[in-house]
Amino acid sequence: MCRGVQHPIHGLFLRSYLAQISRDKLPDIGSEYEGDADTLKDAVEFVLQNFTEMNKLWVRMQHQGPGRVREKQEKERSELRDLVGKNLHVLSQIEGVDLEIYKETVLPRVLEQIVNCKDDLAQYYLMDCIIQVFPDEYHLQTLETLLGACPQLQPTVDIKTVLSQLMDRLSNYAQSSADVLPEILQVEAFAKLSNAIGKVIEAQVDMPAVGAITLYVSLLTFTLRVHPDRLDYVDQVLGACVKKLSNIPKLEDSRAIKQVVALLSAPLEKYNDIVTALTLSNYPLVMDHLDNGTKKVMAMVIIQSIMKNNTRISTSDKVEVLFELIKGLIKDMDGADVDELDEEDFKDEQNSVAGLIHMLYNDEPEEMLKIICTVKKHTMAGGPKRLPFTVPSLVFSALRLVRQLQGQEGDIVGEEVPATPKKIYQLLTQVIEALSTVPSPELALRLYLQCAEAANDCDVEHVAYEFFTQAFVLYEEEIADSKAQVTAIHLIIGTLQRMNVFGVENRDTLTHKATGYSARLLKKADQCRAVYACSHLFWVDGQDGIKDGERVFLCLKRALRIANAAQQMANVARGSSGPVTLFVEILNKYVYFFEKGSQQVTGAAIQGLIELINTEMQSDSATPDTASDAFLASTLRYIEFQKQKGGLMGEKFESINL
């Protein structure tokens, strides 16, 4: 009957019935019909022949009926595919079909039928069937034969899915047991798969980019799971992908871009260590094929990987490669629309780069200096918008090195690039000067003061003085906003107070400048606060600290005069003198220096100031202010507490009558 029925669907069902009723009657090992080797061959031959005939019938179905019902026919064919696949399932269940028979008879015959039928639906389904129904061990031993059929398939066959499934199965098989790995190495699975993918891409000229890249992603996943130690294999896959991408003028398909990102992310996820990825020579070349937006996304993935795994990058060569990878974040790319950028995203990106700079570190001063120079080269090319984010990190990185080299003066003989503090201070000056292009004088001033403090720690007076000079020049020439001036002068005073490297002459010059600027601030209240802050410049705790009570007292008296003037001006302008907060603040300074032992600040002076404050508060023009009242009450409570404490301090405070 099977031979007589001509109608494809009838024939299919009839042969399917034949396969079903004959499955338990085949002469197989262990069955009641078991015979010698010939009868096993007969069983295999019978199933193979049935499979071949059914496939022919199945393929013939598409030629039945008019062309307009083609879509309906395709649907019907797709629904009937399991009837054909059942034969392969039967073959895989025959106990006697060992690797030898599979290799010599089954696979070649099945593949021959698949290739010859020249039908894309049949080819895709049957290749998938072979991979699913036969054991992984068989696939491994017949890899060459199986892969050899792939380039011969129709160009419309979705070969990437077939090969991806094969590689998935093989990598799962490799991880299932330790004994499998030597077997995979022995059959050179990677070389064969790589070769087959190359041939398939060559044969299918019209294969879209996404298909080719998906194949490489699957191959890379297989490589990372089976040969994680073979970085040369990983690089080879990336190299093959570069070759394919170089034939595409511009990658615009979003699915292809997604696959390239997956390809680049896989090594990062596997090794959890960007340093490994930096050794892959083709990694940056693959990235070059991405568009600017995706390059940035990829660069952020790389930086986040470094931060998450706390990876330290410790050679200038690796830093060079890394900055090449993240160049989309460090400088404006050609053709990128600068105005399109979202401000928040830009800040996030640049803060990530700033954080990254702190991860580039080496304990060896020479190598660290090379790293700093590499970072400087790249960040300086970033344009004025990026500098305020990247320069501080670079400066602090260099200052860490300066402190490490503390005490080394002069050039070290015989070194190629000697890392000396002198060289680093020069580099710091150049880096901070670059901020003038932004312009960002407030940031530059803070950084100059940080450098001055580092020079102080390293005991280099002339360098510290130079940095202070630069800070003062900036204050004079660049900082015009009154609020910024107040912040700047307090920063200058605070830093200068901590300096112990200056000789008398230099210190006097800088102190004189600071007090002069303080008295010239716009608002009287700001003037007063800056002037009384200057009093700390003449009284520094510690063994060698300066203790000039005379000049401290002069500063405080001057602050008091300014506070008085502020009250009078307020009286004239508003008809009320305003709160007495400034007087209470000065009172606190009096108490501080009295406690520290300044001869000029006496109990009588403190008492006089308290009486002045009380008089001011009781005058008609005073503005009631709860904050000032609470501040004064706390200060008086403190004086009372010191009196009751007893001892030397208690005796000292006794002279103040509240």
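N310 counts as exposed, at 57% relative accessibility. Here exposed means over 50% relative accessible area, buried means under 20%, and partly exposed is in between, with a 1.4 Å probe and protein chains only. N310 sits in the loop between helix 16 (292-308) and helix 17 (316-325). Its phi is near 50°, a positive value in a residue other than glycine. For context, most residues other than glycine have a negative phi.

Before going further, a word on what you are looking at. This is a predicted model, where local features need pLDDT of at least 70 and side-chain atom pairs count only at pLDDT 80 or more, while totals for chains, interfaces and linings use all residues. Residues are numbered from 1 along each chain as its sequence is written, and side-chain values use heavy atoms, with hydrogens and water left out.

D459 also has a positive phi without being glycine, with a value near 65°. This residue lies in the loop between helix 23 (441-457) and helix 24. D459 is exposed, and its relative accessible area is 61%.

Now the whole chain, friends. It has 32 helices and zero strands; these are DSSP runs numbered from the N terminus, H or I of at least four residues for helices and E of at least two for strands. Of the 658 residues in the protein chain, 49% are buried. The chain exposes about 31700 Å², and carbon and sulfur atoms supply 50% of that. Those areas come from the Shrake-Rupley method with a 1.4 Å probe, and for residues only the protein chains shown count as cover.

How much of the contact count with a separation of 6 or more comes from residues 24 or more positions apart? In the protein chain, the share is 71%.

L111 is in helix 4 (residues 99-117) and counts as buried at 6% relative accessibility. If we skip residues up to four places away in sequence, L111 touches M127, I130, T145, L146 and A149. L111 and L126 are 15 residues apart in sequence, and their C-alpha atoms are 8.9 Å apart in space.

The other spot is T511, placed in helix 26 (residues 504-519). T511 is buried, with a relative accessible area of 2%. Which residues is T511 in contact with, leaving aside neighbours within four places in sequence? They are L496, L537 and F538.

I call it a salt bridge when a side-chain nitrogen of Lys or Arg is within 4 Å of a carboxyl oxygen of Asp or Glu.

Take K513 and E476, whose closest N and O atoms are 3.5 Å apart. K513 lies in helix 26 and E476 in helix 24 (residues 461-477), so this pair ties together parts that are 37 residues apart in sequence. K513 is partly exposed at 37% relative accessibility, and E476 is partly exposed at 47%.

Next is R551 with D508, where the closest N and O atoms are 3.7 Å apart. This pair links distant parts of the chain, with R551 in helix 28 (residues 549-574) and D508 in helix 26, 43 residues apart. R551 counts as partly exposed at 29% relative accessibility, as does D508 at 34%.

Then we have D541 and K596, with the closest N and O atoms 3.0 Å apart. Here D541 is in the loop between helix 27 (524-534) and helix 28, while K596 is in helix 29 (residues 581-596), and the two are 55 residues apart. D541 is partly exposed at 41%, and K596 is partly exposed at 36%. Elsewhere, salt bridges that share partners join D288, E324 and K327 into one network.

Let me finish on surface charge. Which residues gather in a patch of negative charge on the surface? They are D342, E343, E344, D345 and D348. Patch residues have over 30% relative accessible area and no salt bridge, with like charges joined within 9 Å and nonpolar side chains (Val, Leu, Ile, Met, Phe, Trp, Tyr) within 5 Å. Asp and Glu count as negative and Lys and Arg as positive, with His and the chain ends not counted. The place of a charge is taken as NZ of Lys, CZ of Arg, CG of Asp or CD of Glu.

Technical notes: Contact = heavy atoms within 4.5 Å.
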